Amino acid sequence: MSVPQVICFLNSIIFAMSKAMEPKFFVFLLLVSSSSLFNLALGAQPYQGKWKLLKRSIGVSAMHMALLPNERIVTFDRTDFGPSNITLPQGKCIKDLQSSHCYAHSVEFDPATRTVRPLTILSDTWCSSGALSHDGTLVQSGGYRLGEKVVRYFRPCMDCDWEEDENGLLSPRWYASNQVLPDGKIIVVGGRYQFTYEFIPKASSSDQRLYQLPFLKETRYSPLVPNNLYPFLHLSTDGNLFVFANDRGILLDYVNNKVIRSYPVMPGGVFRNYPSTGSSVLLPLKLFSTDNDNNTRTPDAEVLICGGTPPDSNMKANVGIFVPASKSCGRLIITAASPKWEMEEMPINRVMGDMIMLPTGDVLIINGAAKGTAGWGVAREPVLNPVLYYPDTPNSDKNTRFEVLSPSMIPRLYHSTAHLLSDGRVLVGGSNPNINYNFSALYPTELSLEAFYPPYLSLTKPRPSIIAVKPGLKLGYKQKVSLEFTLKGIVNQADVFVTMVAPSFTTHSIAMNQRLLVLAFNDGVKKTPSGNYLVEGYAPETAALAPPGYYQLFLVHEAIPSKGTWVDIKQY
């Protein structure tokens, strides 16, 4: 049966079902079905990967998400959403001058047991930013109104709750972006009508000032419209900061407040930042030893940016005209002598897609819509199929770096999130394109969490398992490291490598601080006396390559990753 015939057949089924259904449910089915038909039209091949619903409701919509080193997910939406679907325990009800209530807007989720613990968050976290500090504490900054200058801390322990510093920021930060730096500080860049950056926590005199960044003002579509929000930040291998807004980027020496490099405009006339909302990743940093003294060449840093919309799409969507999102992606080697964008196209138009680095070094593009933009009710045609991007595949007419994967049944639009788990799954949650919690809207508020199983979890090949990291889980820069692992079957010596993944803070299609390094491991795989296997190599050389803090360590064999082991790297 051809694709048009399949679509015709499914349409007849939908029409017949409409006669026997409640109108609201039928509208929802029709929306999902039209997205599925759109996805089906891409091709009739069987898709890889699978989905599993983990929790029908966690009580809040997962607008912001972070994974802590204790394997717990902390997620939250905004405190002015109205009543959530989960309450705080007695004694923790929130009281202020205007009201008193017991509704939680933040929870801790345990993926292993699927249990939920409500958390107390006082200030408004709507459209805020965050990062994990070097000690594993989630440092979370900014938000809306009374939350716009707040810095919040959540430590990974059994009974910990949010702690808040009401004056943690110098400037209001709503829709800002964060990045961990080589010295362990966190830079906070931008925000609505904020063309500056600053550092948190405030530990020194240099942290007590604002630094001007005119680039953020120059890259707006209109002086009246703050439409380059949540700028993309990536720490380059020389320790400077790549900042991208809408269609261009700079390299910022944030210490001396100096732009040291301006990059070419990304071709295509597409904007990439909120509300045009594409997504961005720093592609894997490959650390290769060049001699026995662990002198390594500094790897190139290459950025990938995908999706977005034409600059005027949000204004059109606000009056009911939903412009197709872009298919385009661009790669730029930001450390090259003469950087030039390499452009390519995704198989599906996408805005509000999340880009998640998998342990294999491949990129998962997930969530989003095919038309419209980010914002309240201004997107249409949910994109249910994730796409896998293989960065090392040659790009040509005969080859594509993209693979379309199995679709979800749950639309994930504005205010949805995704995050890599240590077991290799990707946690997906959120979606609320409504001003409040609304379960009867065109696209209802979504309180569920589901897991996507990438193709490498299909179990067609044996999965390696790390059983020991020596000298231990605390690593120093340049330190010699060995991994002992087990594997059923024969080890393919030519296809074993080790990756180190920095956990991100994800919101609004941006995974702040996301970073993956391929470690320098030499001399192949050895057999141990106990019958296990051993690889030996080195930790990253500098904090510019791997800022201090916690990372997930994976061993990958024939494109199948082990479960991640948490390691902590710093200067000893």
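Predicted model: local features only at pLDDT ≥ 70, side-chain atom pairs only at ≥ 80, totals over all residues.
Trainee: How many helices and strands does the protein chain have?

Mentor: The chain has four helices and 45 strands. Of its 572 residues, 60% are buried. Among contacts with a separation of 6 or more, 62% join residues 24 or more positions apart.

Trainee: What holds the strands of a sheet together?

Mentor: Strands of a sheet pair through backbone hydrogen bonds, in either a parallel or an antiparallel sense.

Trainee: How many bridges join β17 to β18?

Mentor: Five bridges join β17 (residues 241-245) to β18 (residues 248-253), and the two run antiparallel.

Trainee: Which strands form a hairpin with six residues between them?

Mentor: That hairpin is made by β27 and β28. The strands cover residues 369-372 and 379-382, and they pair in the antiparallel sense over three bridges. A369 stands opposite P382 in β28. In the turn, G375 has a positive phi of about 130°.

Trainee: Turning to the rings, how is an aromatic pair classed as edge-to-face?

Mentor: By the angle between the ring planes, which must be over 60 degrees. The structure holds 25 aromatic pairs. One of them, Y175 with Y230, is edge-to-face, at 5.5 Å centre to centre and 65° between the planes. Y175 is in the loop between β11 (163-165) and β12 (177-180), while Y230 is in the loop between α3 (215-218) and β16, so the pair links parts of the chain 55 residues apart.

Trainee: Are Y175 and Y230 buried or exposed?

Mentor: Buried means under 20% relative accessible area. Y175 has 5%, so Y175 is buried; Y230 has 2% and also counts as buried.

Trainee: Why is the pair of F242 and Y263 edge-to-face?

Mentor: Because the planes of F242 and Y263 stand at 65°, with the ring centres 5.5 Å apart. F242 lies in strand β17 and Y263 in the loop between β19 and β20 (279-282), so the pair ties together parts 21 residues apart in sequence. Both residues are buried.

Trainee: Which residues do ring pairs link into a cluster?

Mentor: The cluster consists of W126, Y144, W174, Y175, Y230, Y274, W376 and Y414.

Trainee: Where does the charged end of K50 sit?

Mentor: Over the ring of Y453, 5.0 Å from its centre. K185 lies over the face of F199, at 6.0 Å from the ring centre.

Notes. Residues numbered from 1 in each chain as written. Heavy atoms only, no water. Pairing = 2+ DSSP bridges. Buried < 20%, exposed > 50% of the residue type's maximum accessible area, 1.4 Å probe, protein only. Contact = heavy atoms within 4.5 Å. Phe/Tyr/Trp six-rings, centres within 6.5 Å; stacked < 30°, edge-to-face > 60°. Lys NZ or Arg CZ within 6 Å of the ring centre and 35° of its normal.
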